[in-house]
Structure formats: C-alpha cells, structure tokens
Amino acid sequence: MKPQVEDAVDVITAQKPRRRTQEERSHATRVQVCDATLDMLSELGYEQISTTMIAKKANVSRGALTHQFPTRNQLLVAAYQHLVDGWGEIYPLGEQYDVDRFTIRDMIDVYWDNIFSTKRYIAALELMLAARQDNELGRSLREVMESWIKKRDAKTLVLLWGEVSNESNSLYFQLVLSVLRGIAVHQSFDQDETVAPQLLEMWKRIAHRVEEDPMREELITGKRLSS
C-alpha cells in the first residue's frame, strides 16, 4: 500500500500550481496597471485620468500601484513603452517572423488592423500630444516615441523596398502613415462605422497606384528626374 500512497502524493504535488515568484507577481501587476492606463486614456483622455481611477480599473490597491510607479508621469511613460513594445511584436515586425518583402497594401492592412484601428491608438494619440510639452513627461515620452519610430521605420522600409537610405521611400512611408493616422482620428468621432473602411480601401487603391507609378519618386519629391 505504501507505494500507492506515495504515488497519490506525487499526483497531488504535480497538480498543485506553482507559486509565482515576487518578480513574476511584480511584472504581472505592472502589465495590469499599464493595460488599465491605456484603457483609461482611450476612454477619458490624458487630462481626465488619475492614478486612483487607474488603480480601480486595474483592480489593484493604490499602494500596489504607487509601489510600481511612484509618480503619474512614470506610469504614463511605462504604459506608452508597454504599448509600443506590443506593436514591435506584430507581424511582420517581430523578430520571430522571417519575411523578406511586403507590399504597400499588405503593410496598410497590418498597420491598420493591429495599430491604427484599435482603441489603444487613441491612447497613443493622447500620449503623443502630451509629448509636445517641453517638460520631464514630454521628454520621456519623446524618447519612447523616437525609439519606436526608429525600429519601425528601419524594419518596414527594408520589407517594402529592400533599402533604408532612399529619401523618397522614407517620405512616401510617412505619407502612408499620416493618412492612416487621419482615418483613425476620423473613426474615433464618426458615428457612421461604414466610413472608415471605405476610406481605408480608397487609400489602399491610391497607395498601390502610387507604388506602381514609374514616376513615383518625382511625384513624391516634386523633383524632375533627369532623362
């Protein structure tokens, strides 16, 4: 009978969930609070949210929140970093994806579906507006933004055109993103949910035609090419 008892103890021990380490619990709390911050930013805006409201949204105590993020500014910067870190892992930007080339239409779809069309992009806009300020928060947010832009552009330009140094390609890519940004803002207040998808499809057709135009560089830069 003794082996059977030992076997039963082994089974119970194996089924018992592993106790999380302090580091794992701390990380989970930070993610939970950052997610709640982004949700509150998209719902209420930068000026209206408080750490008390965020703690309630995250279902953590105010003490637990301030232990992880002593100041509101630190929380906002961490939330923005959490957001762009997630963007950096989407297809095909993540290091786990082995992609050689990408069409402009594919890029628009991916960026729209995973970034611009989401509610959290409104949170990003709130933080980007805050980044305009010449203060500690603004400078910290700009550091996060600039790091993300550098990573995003370096990977996307290579996927689209196989090079980074071409000035017209870089400028065209910024135009593509600017239009998506505009559609996202329009979507945030337009009660007609059919408009944004129509604008997106229209922009994909235009972008594709520009991409296929043999005079694209001249069209983008306004500089006449030598014949």
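Contact here means heavy atoms within 4.5 Å. The model is a predicted one, where local features need pLDDT of at least 70 and side-chain atom pairs count only at pLDDT 80 or more, while totals for chains, interfaces and linings use all residues. Residues are numbered from 1 along each chain as its sequence is written, and side-chain values use heavy atoms, with hydrogens and water left out.

Start with the overall picture. The protein chain has eleven helices and zero strands, where helices (H or I, at least four residues) and strands (E, at least two) are DSSP runs numbered from the N terminus. Read along the sequence, that gives the pattern α-α-α-α-α-α-α-α-α-α-α. Of the 227 residues in the protein chain, 37% are buried; buried means under 20% relative accessible area, exposed means over 50%, and partly exposed is in between (1.4 Å probe, protein chains only). Looking at contacts between residues at least 6 apart in sequence, 63% join residues at least 24 apart.

Next come two helix pairs. Helix α2 (residues 22-44) packs against helix α5 (residues 72-87) at an angle of about 95 degrees, and their axes are 9 Å apart. Axes are lines fitted to C-alpha atoms, for helices over the stretch in contact, and angles run from 0 to 180 degrees between N-to-C directions. Angles under 35 degrees count as roughly parallel, over 145 as roughly antiparallel, 65 to 115 as roughly perpendicular and the rest as oblique. The two helices α2 and α5 are therefore roughly perpendicular to each other. On the α2 side the contact involves R30, V31, V33, C34, D35, T37, L38 and L41, and these meet L75, L76, A78, A79, H82 and L83 in α5. Sorted by class, the residues of this contact of α2 with α5 come out as ten nonpolar, two polar and two charged. For that sorting, Ala, Val, Leu, Ile, Met, Phe, Trp, Tyr, Cys and Pro count as nonpolar, Asp, Glu, Lys and Arg as charged, and the others, Gly among them, as polar.

The other pair is helix α7 (residues 119-130) with helix α8 (residues 136-161), whose axes come within 8 Å and cross at roughly 125 degrees. That makes α7 and α8 oblique to each other. From α7, the residues making the contact are L127, M128 and A130, and from α8 they are L137, G138, L141 and M145. The contact of α7 with α8 has six nonpolar residues, one polar and no charged ones.

A130 deserves a look of its own. This residue of helix α7 is buried, with a relative accessible area of 2%. Setting aside residues up to four places away in sequence, A130 touches Y46, L137, G138 and L141. The C-alpha atoms of A130 and L76 are separated by 9.9 Å, with the two residues 54 apart along the chain.

Then there are the charged pairs. Side chains of opposite charge can pair when their charged atoms come close. A salt bridge is a side-chain nitrogen of Lys or Arg within 4 Å of a carboxyl oxygen of Asp or Glu, and by this rule the count comes to seven. One of them joins the side chains of D109 and K204 at 2.7 Å, N to O. This pair links distant parts of the chain, with D109 in helix α6 (residues 104-116) and K204 in helix α10 (residues 195-212), 95 residues apart. D109 is partly exposed at a relative accessible area of 26%, whereas K204 is buried at 6%.

K204 also meets E201 in a salt bridge (2.9 Å, N to O). Both E201 and K204 lie in helix α10, three residues apart, about one turn of the helix. E201 is partly exposed, with a relative accessible area of 34%. The side chains of K204 and E201 are also joined by a polar contact of 2.9 Å, that is, a pair of N or O atoms within 3.5 Å; within protein, one must be able to donate a hydrogen and the other to accept it, and residues adjacent in sequence count only if both atoms are side-chain atoms. Leaving aside neighbours within four places in sequence, K204 is in contact with R105, I108 and D109.

Another salt bridge brings together the side chains of D153 and R152 (2.7 Å, N to O). Both partners count as buried, D153 at 12% relative accessibility and R152 at 7%.
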